[in-house]
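Let's take a friendly walk through this model, strand by strand and loop by loop. Have the sequence and the 3D view open as you read.

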Amino acid sequence: TIERMIHFDCSHYVGYKPCKHKRLCEGCDLYDKVQARILVIKLGALGDLLRTTPILPSLKAHYPKSKVTWITSADCTPLLLNLPEIDRLWVTDENVTALVLAEKFDLVINLDKDTPAVELATIANATEKRGFGLTEGGALTTLNTASEYALALGLDDELKFHRNDKTYQQIIHEMAELKPFGAMPNYQVRLTKAELKFGADWLAETLHGRDNHIVLGISPGAG
């Protein structure tokens, strides 16, 4: 049968072209079966998305044989494009609903309260869901018990501004039911060669003739 000849569940399988190993599936000793299909939903904005990326090392540590698909907004894709933990990156365009409905996932993690994130998490076909979703009446709710604290933070100013002692990274790890292995992972950023060159050129020009000066960079408006 075709299922025996082609390993549709291999992490290397592409479908519309040969895989990177340029081998036929049957008899290949590099067959790597995907054991967990995971959908992560976090749309933006950039600062908010960046501070969410520490869940990626934890996610891969818990599910080493997973295929991770991340949904985000189009203007945020450059931040995630080069991250090795993400196997597929989808954007919230007119096709994203069809993409979500066409597949079956083992786990969906939605860390956004906004539209269309909660709608996509609610309609996704998944064995297990974590984070935020919608009730049958369209009200914001949690998809797992571990996300109830995160929901409460948005409803209780006393809790959010005076009693909460958890970092954002701790909260999203709890929502996703992921325990960091060791210290909390850092933000995940992978700059391209062009971006690194731009930074080096700008810094060299800025520091030219100012060997004894201290240069302080400030980026206002970050989350």
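## Strand 4 and its partners

Strand 4 and strand 5 run parallel and are joined by 6 bridges. Two strands pair if DSSP finds at least two bridges between them. In this pairing, L107 sits opposite E128 of strand 5. To get from strand 4 to strand 5 the chain passes through helix 6 (residues 117-123), making a right-handed β-α-β crossover. Right-handed means that, with the strands pointing away from the viewer, the path from the first strand over the helix to the second runs clockwise.

A word on the source: this is a predicted model, in which local features need pLDDT of at least 70 and side-chain atom pairs count only at pLDDT 80 or more, while totals for chains, interfaces and linings use all residues. Residues are numbered from 1 along each chain as its sequence is written, and side-chain values use heavy atoms, with hydrogens and water left out.

Strand 4 also runs parallel to strand 1, joined to it by 4 bridges, and V40 stands opposite I109 of strand 4. Buried means under 20% relative accessible area, exposed over 50%, and partly exposed in between, using a 1.4 Å probe and protein chains only.

## Strands 1, 2 and 3

Now follow the pairing from strand 1 to strand 2. These two strands pair in the parallel sense over 6 bridges, with I41 placed opposite I71 of strand 2. Strand 2 in turn pairs with strand 3 (residues 88-91), again in the parallel sense, over 4 bridges. There, T72 faces V91 of strand 3.

How enclosed is strand 2? Because 6 of its 7 residues are buried, strand 2 is largely enclosed by the rest of the structure.

## The largest pocket

The largest pocket holds about 470 Å³ of space. The search runs on a 1 Å grid over the protein atoms alone: a cavity is a set of points where a 1.4 Å probe fits but cannot get out, whereas a pocket is an open set with protein on both sides within 12 Å along at least five of seven lines, and lining residues have an atom within 4 Å of a point. Grid points are joined across faces, edges and corners, and the volume is the space filled by probe spheres set on the points.

The lining of the largest pocket is made of 17 residues, and C10, S11, H12, Y13 and K67 lie nearest the centre. The elements giving two or more residues to this lining are strand 1 (36-41) and strand 2 (66-72). By class, the lining has 7 charged, 6 nonpolar and 4 polar residues. In this scheme Ala, Val, Leu, Ile, Met, Phe, Trp, Tyr, Cys and Pro count as nonpolar, Asp, Glu, Lys and Arg as charged, and the others, Gly among them, as polar.

## Helix 9 and what follows

Helix 9 (residues 168-175) has 6 of its 8 residues buried, so this helix is largely enclosed by the rest of the structure. Those buried residues are Y168, Q169, I171, I172, H173 and M175. Their cover includes helix 2 (46-50), helix 3 (55-62), strand 4 (104-110), strand 5 (125-134) and helix 7 (148-155), where contact means heavy atoms within 4.5 Å.

After helix 9 comes E177, with a positive phi near 55 degrees. E177 lies in the loop between helix 9 and helix 10 and counts as partly exposed, at 37% relative accessibility.

## Backbone details in the loops

K22 is another residue to look at: its phi is positive, about 55 degrees, although K22 is not a glycine. K22 belongs to the loop between helix 1 (2-5) and strand 1, and at 66% relative accessibility K22 counts as exposed.

One runs from G44 to A45, with omega near 0 degrees, and A45 is in the loop between strand 1 and helix 2. Another joins T115 and P116, with omega about 0 degrees; P116 is in the loop between strand 4 and helix 6.
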